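Hi,

Here is the structure I promised to pass on.

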Amino acid sequence: KRAAGERPAGEAPIPRIVTENGRHALLVDGEPFLILGAQVNNSSNWPRALDQVWPAIDIVKPNTVMVPIAWEQIEPEEGRFDFSFVDELLKQAREHDQRLILLWFATWKNNAPHYAPRWVKLDNERFPRVVTADGRTLNSLSPHGEATLEADRKAFVALMQHLKAADPQRTVIMVQPQNEPGTYGSVRDFSPLAQRHFEGPVPQALLERLGKPPGTWREVFGDDADEFFHAWHIAHYIDQVAAAGKAAYPLPMLVNAALRGPFNPGQPGQYASGGPTDNVLGIYKAAAPHIDLLAPDIYMPEYSHYTTVLDRYARADNPLFVAETGNRAEYARYFFSALGEQAIGWSPFGIDFSHYSNWPLGAKEVTPETLEPFALNYRLVAPAARVIARASLEGKVHGTAEQPGQAVQTLRIDDRWNAVVTYGVPQFWFQGEPPGNPEPVGRALVVQLGPDEFLVTGAHARINLVAGDPALADRQTYEYVDEGTYVDGEWVFHRRWNGDQTDYGLNFSDAPQLLRVKLATY
Ligand code: N0T
């Protein structure tokens with residue numbers, strides 16, 4: 001097998017998403033790939049800023065870095081393109097052995113066109129903004145502006161053409177057109193142009209997908225009509241940008257979501273109306289067939305919120321990818337919950353030393369110490385990342401994170417085995433009520449490799465694999481518990497665990513320990 005660096009230019013297959021039986025994988029170099037992500041801050045998209053990126057990346061050790069590419073920086077004047085930052089980024093990412101996901105900050109960057117060139121964002125005639133029901137003009141571009149679509153699409157195609165030529169190595173594995181699209185402050189555009197569309201019929205593709213009879217938006221969707229209309233038009237706009245980009249160079253593409261509360265969503269406009277929130281995923285699927293996945297940006301530290309969001313975005317028609325999550329310590333463990341939902345990847349936000357902190361979403365200050373819980377995740381999982389991505393495609397990855405007040409969790413593995421995960425107990429014999437960890441830092445992963453054979457890892461947790469049938473549980477034993485690692489996809493044995501190391505369960509601290517476990521009954 002050749003190492004990546006030795007591959008002749010042009011030979012690497014273009015990354016793509018595959019779906020089998022409602023489960024998904026991102027193929028990179030032709031094999032399932034798990035995105036161990038890290039996203040830089042919003043203004044770290046300049047050559048000088050990269051100097052403050054790599055020291056943080058070298059601590060966290062992801063395999064993929066997510067970096068914005070601003071429309072204003074690649075097309076500062078209409079028709080004049082400048083890809084110098086893209087080229088510098090490609091070069092430095094390769095030097096640091098990182099893949100990239102590029103974020104196209106253009107028509108929508110969290111609702112607004114801040115990253116559009118001045119010739120776009122200051123020309124309200126040619127590139128109209130959303131108008132509220134009471135006639136105010138918002139700083140959010142209308143999805144109905146045809147010149148806006150044409151201009152954004154043209155710039156995006158230029159970017160994709162450039163990538164096609166400049167990246168035969170496939171350093172870039174995915175692209176995100178727009179960022180948290182949607183509009184704050186109005187459910188939709190009420191300009192005369194938008195109003196004409198709103199009074200017309202609901203598009204056939206949407207009716208078919210939802211199994212609804214024809215009619216106007218109001219007739220078909222009632223109270224949801226305004227929001228669904230805005231979502232459809234934003235999704236269709238982004239789809240046309242993505243389709244043209246893919247025609248130039250067909251990389252996988254995602255759209256990320258500024259979420260609404262999973263239990264108390266509030267009103268559209270209070271959250272980003274028209275973005276891919278959980279209530280309009282079906283609309284996005286119908287309107288944007290060129291978008292491979294809709295990804296949640298999760299800044300909700302509470303266990304039930306976080307895990308509910310994962311569950312809603314992990315669908316047979318949608319690969320789960322956590323495109324952003326907070327970089328404060330309490331979020332780190334949820335990487336394992338995402339893996340348990342067969343995620344293709346996960347990525348904390350704000351990973352650089354540019355001295356910006358998005359607290360309270362993330363850590364108050366980004367330091368080597370605050371990055372450590374994230375580094376721990378990737379230390380544990382990186383050697384097995386390809387193994388996990390392959391098992392995910394078969395639904396064989398079981399993962400969990402500690403829930404405060406819940407010191408014991410049971411994961412059903414298959415017909416024969418459960419994993420019982422306990423938090424806050426010593427590694428030796430322990431009797432009594434497990435207390436949980438002082439902070440919820442526990443995480444556990446069990447990957448089924450074969451019948452009765454598992455890859456097990458975790459941190460700040462005890463994992464017991466227990467037969468579901470009590471009669472069998474009385475007569476179960478380990479055939480072996482081997483600690484080791486994967487090198488170039490091959491298992492390398494380090495030592496066998498036995499005695500104290502297995503008598504009370506498999507106990508994980510913050511050491512990067514990967515176990516291959518074979519269970520048996522006598
Ligand atoms: C994210 C990031 C960046 C419960 C915030 C999250 C990134 C964008 N927006 O640092 O701006 O580019 O995608 C919005 C979360 C809203 C907070 C809700 C509090």
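Thr502 sits in helix 17, residues 500-503, and touches Tyr478, Val481 and Trp497, leaving aside residues up to four places away in sequence (a contact means heavy atoms within 4.5 Å).

Before you read on: this is a predicted model, where local features need pLDDT of at least 70, side-chain atom pairs count only at pLDDT 80 or more, and totals for chains, interfaces and linings use all residues. Residues are numbered from 1 along each chain as its sequence is written, and side-chain values use heavy atoms, with hydrogens and water left out.

Now the whole chain. It has 17 helices and 23 strands (DSSP runs, H or I of at least four residues for helices and E of at least two for strands, numbered from the N terminus). Buried residues make up 58% of the 522 residues. The C-alpha trace spans about 75 × 50 × 40 Å along its principal axes.

Helix 5 (residues 146-166) is worth a look too. Its 21 residues should span 30 Å at 1.5 Å a residue, and its end C-alpha atoms are 30 Å apart, which agrees (the expected span is 1.5 Å times one less than the number of residues). Among its buried residues are Leu149, Phe156, Met160 and Leu163.

Cheers

Conventions. Buried means under 20% relative accessible area, exposed over 50%, partly exposed in between (1.4 Å probe, protein chains only).
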